Amino acid sequence: LAETSVTLSAHLANIRKRKLCALVLLPDMGGANLILDHADNLEGAAPDVIMLDKGGHPPCHFPCHTIGFNPYEEGVVAGRHVRKWSSDRVVFVGALTNGRIPYWASQRAEGLKAALRGRRRELICRWLHRGVSPERIRAIIKDSKATPPSLVADNDETAAWIVDQAAAVGLTTPEDFRLMGFDNALAFRHYNLTTVAVPMDEIGTAMAKMIIAKPLLKSDNYK
């Protein structure tokens, strides 16, 4: 679905006209809020609506099933890997959204901090707009004060942006700094990032099982 209100509203209205046994929504981190803004267009779209919640806090004002990620636990998983690095100071880099820290990113940072606690490793958080200069990224890399410097980005998009900005000032990974992201996003796999992968195939299977378990699939009124 296009990420514009007018186009999204039209798509959802068209979906509502069909007699579906279920509707599965797979928004990105911020897409759930956009869909919920047009929840009225989903009324009656299907007996069951299942939404993937990547943000860590499921919607409470729309009647739907959710299968969600736990960004805190994702941070813990990242931390277990980072503990293998020979770094006593790690920098977490997060991108601000409309000047605010996204909830899911803050939870990933908290999980990472919890995993490093008691391991004599310090976590420094840096929240940035993606418009900052390459020199600012170089300063953050040096802020790690480790050899090599160690960074964890809030997701693969931010990690890829860090790689590009660092390259502009002559720094590369893994030669000049370590870097980890989250999500194993297809759009950024050519960066060859170390990343915390989400088992999307298992989530898809779980959604399918929820749908198949519904007796409405045997009805001629739905397809």
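**Note on the predicted model**

1. In this predicted model, the face of helix α7 that is turned away from its buried side carries the exposed residues D201, E202, K209 and I212. The residues of α7 that are buried are I203, M207 and I211. They cover an arc of only 80° around the axis, and are therefore placed on the same side of α7. Among the elements that cover these buried residues are the strands β1 (22–25), β2 (48–53) and β3 (65–68).

2. For the chain as a whole, the model has seven helices and eight strands, and 43% of the 223 residues count as buried. Among contacts between residues at least 6 apart in sequence, 73% join residues that are at least 24 apart.

3. Helix α3 (residues 71–82) comprises 12 residues and reaches 16 Å from its first C-alpha to its last, which is close to the 16 Å expected at 1.5 Å a residue. At the start of α3, a side-chain oxygen of N70 comes to within 3.1 Å of the backbone nitrogen of Y72.

4. The buried residues in α3 are P71, E74, G75, V76, A78, G79 and V82. The packing partners of these buried residues are the strands β4 (89–95), β6 (150–153), β7 (178–183) and β8 (194–197), together with helix α4 (103–116).

5. Strand β7 deserves a point to itself, because five of its six residues are buried and it is largely enclosed by the rest of the structure. Strands β6 and β7 run parallel and are joined by three bridges, with S150 standing opposite R178 in β7. Between these two strands the chain passes from β6 through helix α6 (residues 156–167) to β7, and this β-α-β crossover is right-handed.

6. Strand β7 is also joined to β8 by four bridges, and these two strands likewise run parallel; here the bridge partner of G181 is T195 in β8.

7. Where does S150 lie, and is it buried or exposed? S150 is found in strand β6, and with a relative accessible area of 0% it falls under the 20% cut-off and is therefore buried. Leaving out residues up to four places away in sequence, S150 touches W85, S87, R89, V90, V91, S144 and R178. Of these, W85 is 65 residues away along the chain, yet its C-alpha atom is separated from that of S150 by 8.1 Å.

8. The side chain of S150 takes part in a polar contact of 2.4 Å with the side chain of S87, and it also reaches the backbone oxygen of P148 at 3.5 Å.

9. T194, which is found in strand β8, is partly exposed, with a relative accessible area of 36%. When neighbours within four places in sequence are set aside, T194 is in contact with H81, L179, M180 and G181. One of these, L179, is 15 residues from T194 in sequence, and the C-alpha atoms of the pair are 6.9 Å apart in space.

Definitions and conventions: Residues numbered from 1 in each chain as written. Predicted model: local features only at pLDDT ≥ 70, side-chain atom pairs only at ≥ 80, totals over all residues. Heavy atoms only, no water. Buried < 20%, exposed > 50% of the residue type's maximum accessible area, 1.4 Å probe, protein only. Arc of directions from axis to C-beta. Contact = heavy atoms within 4.5 Å. Expected span 1.5 Å × (residues − 1). Polar contact = N/O pair within 3.5 Å; in protein donor to acceptor, adjacent residues only side chain to side chain. Pairing = 2+ DSSP bridges. Right-handed = clockwise from strand over helix to strand, strands pointing away.
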